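My notes follow in the order I took them.

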Amino acid sequence: MLKPNCRLNSLHTRHDYENLETQFLASYAMRSGESAGRCYAENEHDYRTCYQRDRDRIIHSVAFRRLEYKTQVFLYNAGDHYRTRLTHTLEVAQIARTLGRILGVNEDLCEANALAHDLGHPPFGHEGERVLNELLSDHGGFEHNAQALRIVDCLEKHYPTHPGLNLTAETRRGILKNKPPYTGMGENLADFLPIEAQLVDLADEISYTSHDLDDGIESGLLRLEDLRQLPLWNEAWEKVEQLFPAIDEKRRRYQIIIQLINEMVMDVARETHRRLCDAHFARIDHAGDYSESMSIKVKEAKRFLMDHLYRHRLVLRTNSRCRRIITRLFEHYSANPKQLPRSFLKRVETEGLPRSVADYVSGMTDRYADEDYKQIFGY
Ligand code: MG
């Protein structure tokens with residue numbers, strides 16, 4: 001009779017996972033046991049690796065919960081079926097984990113980076129970011145990756161001993177991507193971009209390219225017949241026709257999106273592996289990418305989305321309203337700093353007024369910014 005394997009059936013500790021990572025992850029993967037650590041020293045957990053703890057801290061942050069009420073492309077209240085930043089983030093995490101598992105890299109780090117990748121987005125999507133960047137042009141500008149790092153480093157308040165979430169150097173570097181660090185916050189950042197963060201960046205692009213096409217059709221702003229001119233869409237369409245010739249309209253759209261995501265994910269996995277192979281499986285900065293032919297197709301799809309969706313007159317019309325709300329809120333709090341919540345007012349001394357106001361306004365959800373605007377300006 002076979003004896004039960006006692007080790008497998010016992011509690012799995014952090015050491016077990018660190019050993020597993022040593023044995024099974026690729027040479028170019030990050031291993032939690034080799035992390036450069038956190039800004040503020042703390043004891044390791046007995047059962048969770050440092051990257052699992054990073055992921056958990058991000059999920060339990062206030063900024064993460066706010067993603068539910070932040071715009072992706074359509075305003076949060078345009079309909080219940082469109083992606084929000086929260087559902088987009090969950091899609092990115094799923095795609096990044098899939099890529100991470102195929103390439104044998106650290107899935108927990110992929111997940112931590114994916115869940116944090118949009119934390120710094122202000123209300124009203126990219127228009128919100130553009131306006132804040134203009135308003136802060138004389139004060140270092142505004143960029144959502146740098147803002148995400150400010151949030152996890154300074155603005156979240158969970159510990160009595162230090163500000164922020166005290167994430168590891170590798171997760172922090174992945175959040176910042178290749179942007180220059182903001183003043184004073186460059187310390188303890190990994191000096192190269194881990195492959196896990198590179199995959200998250202591609203997972204982000206795969207996710208929004210496919211779901212913006214989907215949401216664009218759902219909204220009626222994109223027309224199916226126009227999409228056929230896109231090789232990326234057309235090839236997926238033909239595959240679905242072959243597999244399910246009698247499929248109805250709605251299911252066809254789902255199937256096309258499934259095909260699109262799968263094609264892009266498998267292309268990235270193969271091309272990234274090829275590049276890593278060329279680099280003798282070393283940790284390199286620019287391993288994650290599409291093949292040349294897929295890169296062309298994705299660029300065409302992004303250009304199409306820019307011309308037909310992001311610059312659609314109905315989207316632009318909501319953009320100008322969002323621009324007015326952010327600008328007037330920013331000007332109002334800059335002129336009346338005493339109306340800022342106490343924690344932001346306190347930061348004025350060290351961070352200056354414009355940055356503190358930007359921290360406050362950019363943290364608002366679409367819904368909150370709308371309400372605040374109505375309360376202050378009365379309409
Ligand atoms: Mg994103």
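**Cysteines**

I began with C50, which is buried, with a relative accessible area of 4%. Buried means under 20% relative accessible area, exposed over 50%, partly exposed in between, with a 1.4 Å probe and protein chains only. I note that this is a predicted model, where local features need pLDDT of at least 70, side-chain atom pairs count only at pLDDT 80 or more, and totals for chains, interfaces and linings use all residues. Residues are numbered from 1 along each chain as its sequence is written, and side-chain values use heavy atoms, with hydrogens and water left out.

I then checked C110, which is in no disulfide either; its nearest cysteine sulfur belongs to C50, 14 Å away. C110 is buried, at 0% relative accessible area. The structure holds zero disulfides, a disulfide being a pair of cysteine sulfur atoms within 2.5 Å.

**Domains and core**

I looked up the domain assignment next. It gives domain 1 (48–194 + 336–377) and domain 2 (195–315); such bounds come from an automatic or database domain assignment. The two centres, taken over C-alpha atoms, are separated by 25 Å. The contact between them takes 29 residues from domain 1 and 33 residues from domain 2. Contact here means heavy atoms within 4.5 Å.

Which residues have the most contacts inside the largest nonpolar core? I found I58, V105, L119, L213, W233, L260 and Y333, in a core of 88 residues. Domain 1 and domain 2 each supply at least three residues to this core. A nonpolar core is a set of buried Ala, Val, Leu, Ile, Met, Phe, Trp, Tyr and Cys residues joined through side-chain atoms within 4.5 Å. In soluble globular proteins, nonpolar side chains tend to be buried together.

I listed the neighbours of W233, not counting residues up to four places away in sequence. W233 touches L213, I217, L224, L227, R228, R253, I256, I257 and L260.

**Helices α8 and α9**

Two packed helices are described by the angle between their axes and the distance between the axes. For α8 (residues 144–155) and α9 (residues 169–176), I read a crossing at roughly 145 degrees, with the axes coming within 7 Å. Axes are lines fitted to C-alpha atoms, for helices over the stretch in contact, and angles run from 0 to 180 degrees between N-to-C directions. Helices (H or I, at least four residues) and strands (E, at least two) are DSSP runs, numbered from the N terminus.

On the α8 side I see N145, A146, A148, L149, V152 and D153; they meet R172, I175 and L176 of α9. These contact residues divide into six nonpolar, one polar and two charged. Ala, Val, Leu, Ile, Met, Phe, Trp, Tyr, Cys and Pro count as nonpolar, Asp, Glu, Lys and Arg as charged, and the others, Gly among them, as polar.

How many residues of α9 are buried? Eight of the eight are, so α9 is largely enclosed by the rest of the structure. Its buried residues pack against α3 (50–59), α6, α8 and α10 (195–219). Just after α9, K177 takes a positive phi of about 55 degrees.

**Buried polar and charged side chains**

I found E107 in helix α6 (residues 107–116). E107 is buried, at 18% relative accessible area. Beyond its neighbours within four places in sequence, E107 is in contact with R97 and R101.

Q259 sits in helix α13 (residues 249–278). Q259 is buried too, with a relative accessible area of 13%. Leaving aside neighbours within four places in sequence, I count A236, K239, V240 and L243 as contacts of Q259.

**Two phenylalanines with positive phi**

F124 is not a glycine, yet its phi is positive, at about 65 degrees. I place F124 in the loop between α6 and α7 (125–135). F124 is buried, at 4% relative accessibility.

F281 has a positive phi near 60 degrees. F281 lies in the loop between α13 and α14 (292–310). Is F281 buried or partly exposed? At 32% relative accessibility, F281 counts as partly exposed. Its C-alpha atom is 8.0 Å from that of A26, 255 residues apart along the chain. Outside four places in sequence, F281 is in contact with S27, Y28, H273 and L276.
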